[in-house]
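Dear colleague,

Please find the structure below, followed by a short account of the findings.

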Amino acid sequence: MKRVKPEEMRKEYKRKDLGKGIRGKYFDEYKKGTNLILLSPDVAEVFPDDASVNEALRSLMKIARQSTGLTKRST
């Protein structure tokens, strides 16, 4: 692939100018640093930032732990 200086950018590139791609080249790095979750628009309206989402989910986790606790059987 021929190197072109930034001031010599072409108006159009052909596929052969880009070289051979490598499938999954950055996949492992991507998995390490990404935990992106997309919220539905109606949910995103209620939670203005990531801190409020995390707080709500931690509260839900606490309630779930409390409600699934084992109870004694009556004798």
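In which helix do Glu-29 and Lys-32 both lie, and how many residues apart are they? Both belong to helix α1, three residues apart, about one turn of the helix. Helices (H or I, at least four residues) and strands (E, at least two) are DSSP runs, numbered from the N terminus.

This is a predicted model, in which local features need pLDDT of at least 70 and side-chain atom pairs count only at pLDDT 80 or more, while totals for chains, interfaces and linings use all residues. Residues are numbered from 1 along each chain as its sequence is written, and side-chain values use heavy atoms, with hydrogens and water left out.

The protein has three helices and zero strands, in the order α-α-α along the sequence. Of its 75 residues, 4% are buried (under 20% relative accessible area; exposed is over 50%, partly exposed in between; 1.4 Å probe, protein chains only).

Two salt bridges (a side-chain nitrogen of Lys or Arg within 4 Å of a carboxyl oxygen of Asp or Glu) were found in the whole structure. One joins Glu-29 and Lys-32, at 3.3 Å from N to O. Glu-29 counts as exposed because its relative accessibility is 52%, and Lys-32 counts as exposed because its value is 66%. Asp-17 forms a salt bridge with Arg-10, with the closest N and O atoms 3.0 Å apart. Arg-10, at 30% relative accessibility, is partly exposed.

Met-9 lies in the segment before α1 (27–33) and is exposed, at 54% relative accessibility.

Kind regards
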